[in-house]
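Visitor: I have a structure to look at and would like to learn how to read it. Could you take me through a few of its features, one at a time?

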Amino acid sequence: APGGRAYDARLGVNQLASVGPEGDVKVADIPGEPGGYVALAISPDGRWLSLTAQLSDRIVILDLADPLAPKAVREIPVADGPFESVFSRDGKELWVTNLDANQVTVIDTETWAVSAVLEHDGFMQPHGITRSPDGAWIWISNRHQHGGAHDHEGGKATGKGTVIAICAATREVAAELAVGAYAAGLSVPADTARAPVAPAACR
C-alpha cells in the first residue's frame with residue numbers, strides 16, 4: 001500500500017485500521033449503515049481502496065491520496081453479499097464476488113458504475129477472487145454450500161468446491177475445476193510491474 005502501510009477492515013464495526021511500517025496504528029470510522037466489511041483491494045496505482053460490505057450490499061471506495069487518512073468518497077450498490085474484490089491489472093475495472101447472489105459484478109473505475117453482472121451455472125457462493133499476474137485471467141472460488149454461514153468444515157455442502165477461470169477481456173468462463181470442499185480464499189504470485197499495464201490476452 002502507499003507509504004508501506006497495511007489496511008485492515010472490521011466485520012463488526014464500521015472502521016478501517018491503518019498500520020505503518022513501524023507498527024503505528026490509526027483507526028478511522030467509515031460513515032453509513034453497518035457494512036460487515038469482509039475484504040479489501042488496492043488499485044495498481046495505489047490510489048483507491050475497495051471495501052466489500054456484505055451486510056449492506058455495497059462497495060465502499062476510499063481515496064488513498066493521503067495514506068495516513070483514507071477517505072471514503074463513494075458507495076456503489078451491488079448484488080447480494082459482496083465478498084471479495086480485485087482490480088484489473090490496468091486498474092480500469094474492479095471485479096467483485098457476490099456470494100449470496102451467485103453472481104460476479106464488474107465495475108468501471110472511471111465512472112464507478114456497474115458495467116456488467118456475470119452469471120454462470122458454476123457460480124455457487126462465489127467467495128474468493130484474484131487475477132493472474134499478467135492480468136489475462138480472473139480466478140473465482142465457489143463454496144457450494146447451503147446458505148451463507150461460515151460452516152468451515154463443509155457440513156452443508158451441495159457439491160465439491162470449485163475454481164472458475166474467466167478470460168478478463170471477454171468475460172467468458174473458460175474452465176471450471178473441482179478443488180475439494182469449501183473453496184474460499186485465493187492467491188497468486190505478485191505482479192512485479194512497476195506501473196499499471198493492460199492485461200495480456202487469454203491464451
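Visitor: Is glutamine 54 buried or exposed?

Guide: In this predicted model, a residue is called buried when its relative accessible area is under 20%. Glutamine 54 has a relative accessible area of 16%, so it counts as buried, and its place is the loop between β5 (48-53) and β6 (58-63).

Visitor: Which residues is glutamine 54 in contact with, leaving aside its neighbours within four places in sequence?

Guide: With those neighbours left aside, glutamine 54 is in contact with Gly35, Gly36, Val38, Gly81, Pro82, Phe83, Leu99 and Asp100.

Visitor: How many disulfides does the structure hold?

Guide: There is one disulfide in the structure, and it joins cysteine 167 to cysteine 202, with a distance of 2.0 Å from S to S. The pair links distant parts of the chain, since cysteine 167 belongs to strand β14 (residues 161-167) while cysteine 202 sits in the segment after β15 (172-180), 35 residues apart. The link of cysteine 167 and cysteine 202 is right-handed, with 110° about the S-S bond.

Visitor: What is the relative accessibility of cysteine 167, and what is that of cysteine 202?

Guide: Cysteine 167 has 8% relative accessibility and therefore counts as buried, whereas cysteine 202, at 26%, counts as partly exposed.

Visitor: Which residues form a nonpolar patch on the surface?

Guide: Such a patch is formed by Val19, Val25 and Val27, which together have about 220 Å² of accessible area. Valine 25 is part of strand β3 (residues 25-29), and because its relative accessibility is 51%, valine 25 counts as exposed, the cut-off for that word being over 50%.

Conventions: Residues numbered from 1 in each chain as written. Predicted model: local features only at pLDDT ≥ 70, side-chain atom pairs only at ≥ 80, totals over all residues. Heavy atoms only, no water. Disulfide = S-S within 2.5 Å. Helix = DSSP H or I, 4+ residues; strand = E, 2+ residues; numbered from the N terminus. Buried < 20%, exposed > 50% of the residue type's maximum accessible area, 1.4 Å probe, protein only. Contact = heavy atoms within 4.5 Å. Patch = residues over 30% accessible without salt bridge, like charges linked within 9 Å, V, L, I, M, F, W, Y side chains within 5 Å. Areas by Shrake-Rupley, 256 points an atom, 1.4 Å probe, with all protein chains shown as cover. Salt bridge = Lys/Arg side-chain N within 4 Å of Asp/Glu carboxyl O.
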